[in-house]
Amino acid sequence: MVREGNNANKYNVLISDNDGDASFPYRIAERYHCKGFLGSGGSGLVFKAWDDMLQRMVAIKFIRNPSFVARQRLVAEARALAKVNHPSICSIYDIGEPVDEHSSLFMVMELIEGPRLAELAGKLTTTQAIKLIHKLAEGVSELHAVGLVHNDINPGNVIITQQGNEEPMPTLIDLSIAGRPSKQSRPKGFGVTPLFCAPEQREDNEIAADMLEKVDIYSLGALLLFLVSGQAPSKNPAAQLKTIRRRCSPPLRKFILRCLAESPKKRFSSMAEVVGILGELSYYKPNRQPAILAASAGVIVALSVLVTTQLTPSAWSDDEDSEGLVNQASMHALYATQLMHEGKGREARQQAQKSIQYYRQAITLSDGQTIEPLLRLVDFVVTQQQLFSQSELSALLLDTLSLAENINSEQPQLAFAMAKIYYHLAKLHQPRTNVYQRWLEHAKTAIERALSIQPDTPHYRTLECKIDALQNQSSGGTC
Ligand SMILES: Nc1ncnc2c1ncn2[C@@H]1O[C@H](COP(=O)(O)OP(=O)(O)OP(=O)(O)O)[C@@H](O)[C@H]1O
């Protein structure tokens with residue numbers, strides 16, 4: 001059967017249900033062979049193809065109606081994709097020139113095959129949902145770090161892949177309306193998906209430059225709500241969340257509501273902050289808390305008051321396992337974030353210190369059997385710029401490094417954890433200082449060690465690229 005409808009375009013391309021019969025809408029470089037139609041959006045038609053030269057399957061995006069503006073948009077999308085290297089953001093391979101007068105530009109990218117996030121709504125456990133959105137947030141945070149905002153994160157733009165027993169990996173596609181925060185004209189209402197876009201994206205007023213990233217924060221919160229409840233956000237997400245109390249702990253509810261705040265100013269300050277909190281939430285297990293805590297399922301403050309007044313690290317450390325200690329650390333970390341948001345910096349700092357204390361105990365107790373507490377401590381410390389000075393953060397990382405050095409293990413994860421510590425130590429120091437260069441060299445050696453044991457681990461590759469980028473930056477080049 002041949003279908004046209006939604007996919008009709010200037011070239012009257014006919015797309016067959018039988019993958020083998022599909023053909024590209026216009027002629028492109030001969031090395032690419034059409035292997036089927038993947039999908040279409042407002043401006044593009046995407047096909048699966050075989051790249052004869054590099055002997056691999058790829059996805060190719062064609063312009064639906066080639067015009068000067070459409071070509072500019074494709075180039076802008078390609079450039080946006082080229083700026084980021086993260087497993088949660090679709091990789092770009094090339095952008096090709098027209099081959100004759102009836103042809104146009106085309107974009108060659110990584111082929112991502114799997115279900116859309118939309119198909120998983122309501123089917124994952126809460127922890128799986130948090131972990132998935134955590135990975136996605138890491139990718140979006142990389143986008144923000146290079147000055148881009150996605151603008152249209154929705155369940156149709158995230159494809160889930162899974163290799164063997166590894167955890168599912170979400171990949172964000174379609175950066176066609178990704179914009180720079182500094183840009184004057186934003187893609188107002190253009191192409192965005194109404195149920196998942198921020199309220200300000202539906203209005204006519206210009207969004208202030210410092211608020212542009214908040215639209216992605218809103219959409220990520222909306223995706224998480226969608227995954228745990230099976231429903232898109234309604235006008236009253238607080239009421240919606242109450243109906244799924246059993247699946248949604250008080251800190252998670254609070255997190256989602258803050259992402260979905262009507263006013264962008266009330267949302268989290270940055271995607272990096274969102275990444276940090278999702279990391280904590282993925283470890284938070286309400287059923288591991290004492291009954292009295294579970295019963296006080298009101299707000300995180302109630303939980304935290306109990307934490308601070310009734311529990312001391314030493315009281316817990318005697319009979320607590322490493323996982324329990326990490327859970328305690330997460331609670332204090334979440335509370336620290338809450339206090340910081342309320343402007344209570346001193347109390348927030350105390351909670352952050354408690355969290356660090358618990359993480360340290362967990363690292364000692366786990367004795368190298370799991371590297372998770374070490375990585376989580378590093379991730380927590382480096383997101384605390386508001387609470388600790390640069391020299392304090394540096395001292396905390398050095399302290400963590402000595403804990404890591406005491407672990408006697410050949411695990412690649414340990415090398416990865418150490419690479420991460422060295423990388424952040426370098427980031428805390430001024431470029432071109434001797435100590436900066438030394439940390440970077442150590443980071444490079446450690447990540448190479450991890451990669452020599454487990455070469456195809458995406459997050460090892462991502463860190464390697466970040467280290468290379470820092471090295472290039474200090475020598476004036478780019479990654
Ligand atoms: N890298 C990829 N791998 C596999 N399938 C893809 C890939 N990129 C896009 N697709 C498929 O093609 C469809 C259309 O892609 P996309 O949404 O990027 O097009 P678009 O026209 O730029 O979107 P819009 O203009 O609506 O923002 C997607 O919904 C998806 O099904």
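Helices (H or I, at least four residues) and strands (E, at least two) are DSSP runs, numbered from the N terminus. By that count, the protein chain has 16 helices and nine strands. This is a predicted model: local features need pLDDT of at least 70, side-chain atom pairs count only at pLDDT 80 or more, and totals for chains, interfaces and linings use all residues. Residues are numbered from 1 along each chain as its sequence is written, and side-chain values use heavy atoms, with hydrogens and water left out.

**The whole chain**

- Buried means under 20% relative accessible area, exposed means over 50%, and partly exposed lies in between (1.4 Å probe, protein chains only).
- The protein chain has 479 residues, and 51% of them count as buried.
- Contact means heavy atoms within 4.5 Å.
- Take the contacts between residues at least 6 apart in sequence: 62% of these join residues at least 24 apart.

**Ser104**

- Ser104 sits in the loop between strand 6 and strand 7.
- Ser104 counts as buried because its relative accessibility is 1%.
- Leaving aside neighbours within four places in sequence, Ser104 is in contact with Tyr26, Ile63, Pro66, Arg71, Gly96, Glu97 and Pro98.

**Lys61**

- Lys61 is in strand 5, which runs over residues 56–63.
- UniProt, in an unreviewed entry, places the feature "binding site" at Lys61. UniProt positions are given in the numbering used here, feature names are shortened, and annotations may be inferred rather than shown by experiment.
- With a relative accessibility of 10%, Lys61 counts as buried.
- Setting aside neighbours within four places in sequence, the contacts of Lys61 include Gly44, Leu74, Glu77, Met109 and Asp174.
- The side chains of Lys61 and Glu77 are joined by a polar contact of 3.0 Å. A polar contact is a pair of N or O atoms within 3.5 Å; within protein, one must be able to donate a hydrogen and the other to accept it, and residues adjacent in sequence count only if both atoms are side-chain atoms.

**Around the ligand**

- Which residues come nearest to the ligand? Of the 19 residues around the ligand, they are Gly42, Gly44, Lys61, Arg116 and Asp174. A residue counts as near a molecule or strand if one of its heavy atoms lies within 4 Å of it.
- A polar backbone atom of Gly44 is 2.5 Å from an oxygen atom of the ligand.
- A polar backbone atom of Gly41 is 3.4 Å from an oxygen atom of the ligand.
- The side chain of Asp174 has an N or O atom 2.7 Å from an oxygen atom of the ligand.

**Helix 1**

- Helix 1 covers residues 68–83. Its 16 residues should span 22 Å at 1.5 Å a residue, and its end C-alpha atoms are 23 Å apart, which agrees. The expected span is 1.5 Å times one less than the number of residues.
- The buried residues of helix 1 are Ala70, Leu74, Glu77, Ala78, Ala80 and Leu81.
- They cover an arc of only 160° around the axis, so they lie on the same side of helix 1. The arc is that of the directions from the helix axis to the C-beta atoms.
- An α-helix has 3.6 residues a turn, so residues three or four places apart point the same way.
- On the other side of helix 1, Phe68, Val69, Arg79 and Ala82 are exposed.
- The cover over the buried residues of helix 1 includes strand 5, strand 6 (92–96) and strand 7 (106–109).

- Asn154 lies in the loop between helix 2 (126–145) and strand 8 (158–161).
- Asn154 counts as buried, because its relative accessibility is 7%.
- Two links involve the side chain of Asn154: a polar contact of 3.1 Å with the side chain of Asp152, and a reach of 2.7 Å to the backbone nitrogen of Gly156.
- Glu113 is in the loop between strand 7 and helix 2. Its relative accessible area of 44% makes Glu113 partly exposed.
- Not counting residues up to four places away in sequence, Glu113 touches Lys48, Ile159, Ile160 and Thr161. The side chains of Glu113 and Lys48 make a polar contact of 2.8 Å.

**Helix 10**

- Helix 10 covers residues 322–341. Its 20 residues should span 28 Å at 1.5 Å a residue, and its end C-alpha atoms are 29 Å apart, which agrees.
- Helix 10 is mostly covered, with 17 of its 20 residues buried.
- Just after helix 10, Gly343 takes a positive phi of about 80°.
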